[in-house]
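Student: I would like to learn how to read a fold from its coordinates, going from the overall order of elements down to single residues. Could we work through one example together?

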Amino acid sequence: MIWLIISLILHLLLIAFSIRAFYPVQFANQPLFFSDLINQSISIPYYLIPVFSLGSVILIWLMAKVPALIYAVSPWTIILAATGSFYIYLLFLLLAAIYCLSILKSTNSKLAFLALVIVSGLALYSYFLWLVILPISLVILISLKIFSFKSLKSLILILILISIPLVISMLFNLTGLQNIYRNQVKIFADPGLLGTINQFQG
């Protein structure tokens, strides 16, 4: 527990220092996947990104103690959290999904299953590529016999139902699809964050 507390304090202090050092440099707001499909601009607020980063520290600590400290002091992670990178949020969802799967592997926890459904649903509605990443990940887990198809059948059915509105919206909104490609498929399309930092820092 002491390593977790140290990691959280260090991470929070380094993020706070970085925000002060880099301000007003920030990543451009990344609209959530579904918001482009409904022609709205809904994004994760900047102030929540450091919260998700702290959540990632906790999740890493729950799965493997020491790497949490490595993540907490990683310069790249700190810069991404301080400048409001959307991918810190996505990393939190990924770690949460992995943690829920690890619990389901050892126990048949309904709470872990519910959390996995919520996290996976958020991921699908947040990022276009999750429509590709998630099925491939499930196929790999089943192919490697880490999980049986029977144990994941309920999850797969629920995720298919959850994704139906997205697929229908995509079919009837080509403009939204173009926006999604421009905003989400071109990873780190923000024009020269590091160059902008150098400009502000001299």
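Student: In what order do the elements of the protein run from the N terminus on?

Tutor: From the N terminus on, the order is α-α-α-α-α-α-α-α-α-α-α, which amounts to eleven helices and zero strands. Keep in mind throughout that this is a predicted model. Of the 202 residues of the protein, 40% count as buried, and among contacts with a separation of 6 or more, 75% are accounted for by residues 24 or more positions apart.

Student: How do the axes of α3 and α6 cross?

Tutor: For a helix pair, one reads the approach of the axes, the angle and then the handedness. The axes of helix α3 (residues 49-63) and helix α6 (residues 86-106) come within 9 Å and cross at roughly 25 degrees; because angles under 35 degrees count as roughly parallel, α3 is roughly parallel to α6. Their crossing is left-handed. On the α3 side the contact is made by I49, F52, S53, G55, S56, L59, I60, L62 and M63, and α6 contributes I88, Y89, L91, F92, L95, A96, I98 and Y99. Sorted by class, this contact has 14 nonpolar, three polar and no charged residues.

Student: Is T77 buried or exposed, and which residues does T77 touch?

Tutor: For a single residue, one reads its accessible area first and its partners next. T77, which is placed in helix α5 (residues 75-82), has a relative accessible area of 11% and is therefore buried. Not counting residues up to four places away in sequence, T77 touches H11, S53, Y71 and I88; of these, S53 and I88 also take part in the contact of α3 with α6.

Student: Where is A82 found, and with which residues is A82 in contact?

Tutor: A82 is also found in helix α5, and its relative accessible area of 9% means that A82 is buried. Leaving aside neighbours within four places in sequence, A82 is in contact with I15, S18 and I19. A82 and I19 are 63 residues apart in sequence, yet their C-alpha atoms are 4.9 Å apart in space.

Key: Residues numbered from 1 in each chain as written. Predicted model: local features only at pLDDT ≥ 70, side-chain atom pairs only at ≥ 80, totals over all residues. Heavy atoms only, no water. Axes fitted to C-alpha atoms, helices over the stretch in contact; angles between N-to-C directions. Helix = DSSP H or I, 4+ residues; strand = E, 2+ residues; numbered from the N terminus. Parallel < 35°, antiparallel > 145°, perpendicular 65-115°, else oblique. Left-handed = near helix turned anticlockwise from the far one by under 90°. Contact = heavy atoms within 4.5 Å. Nonpolar A, V, L, I, M, F, W, Y, C, P; charged D, E, K, R; others polar. Buried < 20%, exposed > 50% of the residue type's maximum accessible area, 1.4 Å probe, protein only.
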